[in-house]
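Subject: Handing over a structure, with notes

Dear colleague,

I am passing this structure on to you, together with some notes on what was found in it. Please have the sequence and the model open while you read.

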Amino acid sequence: MSPPTLRLRRALLVLTPRLRRALLVLTPRLRRAPLVLTTALAALLCALAPLPAAADGSAGTAPAADTAPAVGDGPAAGDGPADWTARPAGGGADRDARPYVYLEGTPGTALQDRLAVTNSGRAPLTVRLRGDGRAGAWIGFAADTVTVPARTRAEVPLALTVPPDAVPGDASGEVVADDGDEEVRVPVRVRIGGPTLAALTVEDVEISGGTIRYALVNRGNAMLEPRLAVRADGVFGTLLDRPERPLPLELAPGRRVERTEPWPDAPALDAVTVRLRVTAPGGARDEAEASATYVPVGPAVGGGLLVLGGLSLLGSVAYRRRRTRRGDPEPPDTETGGTEPPGAETADDRQPTTETRPLVKAGPLVKAGAES
């Protein structure tokens with residue numbers, strides 16, 4: 001054996017006990033490291049995921065806390081209905097499949113449908129049924145009062161009779177279900193067949209300062225969307241010319257609505273004529289007009305006072321001339337005081353003495369002169 005080989009064997013013999021001791025020291029630590037890592041990972045997973053017991057407990061107790069009624073909020077779940085609905089029957093499981101009752105027919109016909117009342121509570125439910133609105137007044141129910149057992153759905157037949165004199169077009173109303181505490185309204189739409197007539201009138205046109213007032217009336221049987229044009233003419237030409245524009249309203253058959261049209265730059269002195277023209281789809285058309293005179297307030301009052309003063313002066317002069325012609329004494333002159341010295345004679349008091357002598361004494365006096 002060569003010397004290098006002997007040296008290597010002696011070195012290995014020397015290192016073997018040291019390696020054994022190092023391995024004996026590190027082996028427990030290496031064994032504990034995976035255990036520590038596993039324990040930490042398990043704790044992290046437990047913290048992120050709720051325990052089954054806690055989840056079961058919350059699922060079982062939370063609804064009881066939410067559904068327990070407070071004092072004065074209403075009856076408990078076992079004492080009365082917890083929830084109920086009313087909607088048109090049919091239409092599948094989707095409760096929004098028929099949001100309203102829709103019927104079509106001609107005047108004089110009877111149309112039928114059904115109303116579904118669902119009681120999802122734990123006690124029987126009693127509701128009263130009635131119609132509301134124009135079409136609601138035409139509805140009759142198989143029973144006006146319906147009692148629905150708990151966890152049950154009941155369908156109530158209803159009949160809508162279109163009046164013989166109903167105007168063709170659209171009519172609306174509601175079915176009202178009332179349990180005494182709350183009510184549910186179901187819309188009703190009816191399309192009445194027959195020829196449609198579009199007729200529109202503009203009435204009661206008035207001019208007040210800077211405002212034009214008028215009324216629109218739907219004389220037909222169709223829904224109208226009116227349009228309005230305004231024109232005003234004065235003595236010297238056109239003062240206002242507004243082209244036709246749509247009005248923000250829908251006019252139902254037979255409806256009357258009063259509206260105003262602003263005129264902020266109305267004239268101060270003029271005689272004007274305002275013309276309104278209304279139209280609607282379907283050939284509806286009408287016109288109306290009104291007149292007004294604008295006069296300034298200040299000059300008008302001043303002119304009126306001048307006229308009154310002139311009339312008063314003319315009347316006074318005429319009165320004085322009439323009294324002078326009749327020989328009546330003139331009224332005293334207020335400018336000179338209207339008084340004369342006591343005992344002074346007036347023109348009316350100075351009369352000829354011959355007119356005041358008695359004529360019966362003239363005879364004897366003449367006779368005596370003759371005899372003498």
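How many bridges join strand β12 to strand β15, and in which direction do the two run? Strand β12 (residues 227–234) and strand β15 (residues 270–280) are joined by 7 bridges, and they run antiparallel. Strands here are DSSP runs of type E with at least two residues, helices are runs of type H or I with at least four, and both are numbered from the N terminus; two strands pair if DSSP finds at least two bridges between them.

Before going further, please note that this is a predicted model, in which local features need pLDDT of at least 70 and side-chain atom pairs count only at pLDDT 80 or more, while totals for chains, interfaces and linings use all residues. Residues are numbered from 1 along each chain as its sequence is written, and side-chain values use heavy atoms, with hydrogens and water left out.

The overall picture

The protein has 372 residues, of which 24% count as buried, where buried means under 20% relative accessible area, exposed means over 50% and partly exposed lies in between (1.4 Å probe, protein chains only). It contains 5 helices and 16 strands. Its exposed surface comes to about 25,500 Å², with carbon and sulfur atoms supplying 58% of that area; the areas come from the Shrake-Rupley method with a 1.4 Å probe, and for residues only the protein chains shown count as cover. Among contacts with a separation of 6 or more, 63% are between residues 24 or more positions apart, a contact being heavy atoms within 4.5 Å.

The sheet around β12 and β15

The pair in my opening question belongs to an open sheet of 4 strands with antiparallel pairing, in the order β13-β12-β15-β16. At its edges stand β13 (237–246) and β16 (284–294), each of which has a single partner strand, so one side of each is left without a neighbour in the sheet. Neighbouring strands in this sheet are turned against each other by 10° on average, direction ignored; the angles are taken between axes, which are lines fitted to C-alpha atoms (for helices over the stretch in contact), and run from 0 to 180 degrees between N-to-C directions.

T273 lies in strand β15, and its side chain makes a polar contact of 3.4 Å with that of S291. (A polar contact is a pair of N or O atoms within 3.5 Å; within protein, one must be able to donate a hydrogen and the other to accept it, and residues adjacent in sequence count only if both atoms are side-chain atoms.) A288 is placed in strand β16 and is buried, with a relative accessible area of 18%. Not counting residues up to four places away in sequence, A288 touches V202, V205, V274, R275 and L276.

A second sheet

An open sheet of 3 strands, also with antiparallel pairing, has the order β10-β11-β14. Here β10 (200–208) and β14 (256–262) are the edge strands, each with a single partner, and the twist averages 20° from one strand to the next. Strand β11 (residues 211–218) is joined to β14 by 7 bridges, and T211 stands opposite P262.

The cores

The largest nonpolar core has 29 residues, and V117, L129 and L160 have the most contacts inside it. Such a core is a set of buried Ala, Val, Leu, Ile, Met, Phe, Trp, Tyr and Cys residues joined through side-chain atoms within 4.5 Å. A second, separate core of 27 residues includes L216, L249, A280 and Y294. D144, in the loop between β5 (139–141) and β6 (145–148), counts as partly exposed at 49% relative accessibility, and its C-alpha atom is separated by 5.0 Å from that of L129, 15 residues apart along the chain.

Two backbone angles

Most residues other than glycine have a negative phi. R151, in the loop between β6 and β7 (152–161), has a positive phi near 55° and counts as exposed at 59% relative accessibility. D204, found in strand β10, also has a positive phi, of about 55°.

With best regards
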